[in-house]
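Okay, thanks for coming, everyone. Let me put the model on the screen and walk you through it.

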Amino acid sequence: MSVIDILTRVDSICKKYDKYDVDKQKDLNVSGDDAFARLYAAVDADIDAALQKAEAASKEKNRASAVAINAEIRRTKARLLEEVPKLQRLAVKKVRGLSIEELTARNDLALALPDRIEAIPDGTAAAPKQTGGWVASASRTEIKFNSDGQFDSEYFQHTEESSQFRQEYEMRKMKQDQGLEVISEGLDTLKSMAHDMNEEMDRQVPLMDEIDTKVDKATSDLKNTNVRLKDTVNQLRSSRNFCLDIILLCIILGIAAYLYNVLKK
């Protein structure tokens, strides 16, 4: 994001919350019950902001950023021109406390607004100034608008630069969407794998419990058998019964082999 983009966004945010600035509203003499004063102050602030953006666009070295700023200025001009008829109607409306001279001055201000708005640089060639009726643009003769600021649908057609910028924006947005789709598919795959692993662990828990039970039982049986064999050996062991010791040893080894096979299963 360039410095111009940051300044533009900060300006738009500040302008959005200007209505909560009491000191600024007092400086603008915006009366709570005067619709013309409120609307004219807002339009005048928008014109000043558009002029600042136009100056920033003229100094911008990045062509794409300049095109984007000029496009925003053109949208702002179109929106302001739509407010002019409403201001002109409010200018002739009588307000308590205003003299005839003040009403006349208001009407002059409202009539001068279209020229002020059209004078804002927006990156297009300036049209010759005319005073009413239908006028044609110098750079695009097929674009026409009437004196009250109402534009036809052809006014909003894209220029070559804006079309290129729009195509680049759409291409980058498409690539970003594709990358997000790949990430989403990867996350779905990981989620499925984690779910399968959880199910497999749930199936293995009863088997592990059963193995622990068998091991505990086999250990207990082995201890009891060792105790009984020890008692028997102590009773039968003598110098004359060496063969019996060998036989008992073989029995013990056989029992141990049997237990080993049981545990191995």
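So, the largest nonpolar core here has 20 residues, a nonpolar core being a set of buried Ala, Val, Leu, Ile, Met, Phe, Trp, Tyr and Cys residues joined through side-chain atoms within 4.5 Å. Buried, by the way, is under 20% relative accessible area, exposed is over 50%, and partly exposed sits in between, with a 1.4 Å probe and protein chains only. The residues with the most contacts inside that core are Phe36, Val43, Ile47, Leu87, Leu113 and Ile117. As for elements, α3 (35-59), α4 and α5 (100-118) each give two or more residues to it. Those labels are DSSP runs numbered from the N terminus: helices are H or I with at least four residues, strands are E with at least two.

Take Ile117: leaving aside neighbours within four places in sequence, Ile117 is in contact with Ile47, Lys77, Leu80, Leu81 and Val84. Contact means heavy atoms within 4.5 Å.

Before I go on, the ground rules. This is a predicted model, so to speak with care: local features need pLDDT of at least 70, side-chain atom pairs count only at pLDDT 80 or more, and totals for chains, interfaces and linings use all residues. Residues are numbered from 1 along each chain as its sequence is written, and side-chain values use heavy atoms, with hydrogens and water left out.

How confident is the predictor? pLDDT is its confidence in each residue, from 0 to 100; the mean for the protein chain is 76, and 74% of the residues reach 70 or more. Over residues 25-31 the pLDDT is below 50, and that stretch has 10 contacts in the model beyond near neighbours in sequence. Residues 127-148 are also below 50, with 33 such contacts.

Back to Lys77. Its side chain meets that of Asp122 in a salt bridge, at 3.1 Å, N to O. The criterion is a side-chain nitrogen of Lys or Arg within 4 Å of a carboxyl oxygen of Asp or Glu. Lys77 lies in helix α4 and Asp122 in the loop between α5 and β1 (135-136), so the pair ties together parts that are 45 residues apart in sequence. Buried or exposed? Lys77 counts as buried, at 4% relative accessibility, and Asp122 is buried as well, at 7%.

Asp122 also touches Asn70. Asn70 is in helix α4 (residues 63-91), is buried at 15% relative accessible area, and has Ala57 and Gly123 among its other contacts.

Glu200 pairs with Arg203, with the closest N and O atoms 2.3 Å apart. They are 3 residues apart in the helix, so about one helical turn separates them. Glu200 is partly exposed, at 33%. Then Lys214 pairs with Glu210, at 3.8 Å between the closest N and O atoms. Here the spacing is 4 residues, again about one helical turn. Lys214 is exposed at 52%, while Glu210 is partly exposed at 41%.

Last stop, Thr159. You'll find Thr159 in the loop between β2 (144-145) and α6, partly exposed at 32% relative accessible area. Its C-alpha atom is separated by 9.8 Å from that of Ala71, 88 residues away along the chain.

That's my tour; over to you.

How values were computed
pLDDT is the predictor's confidence in each residue, from 0 to 100.
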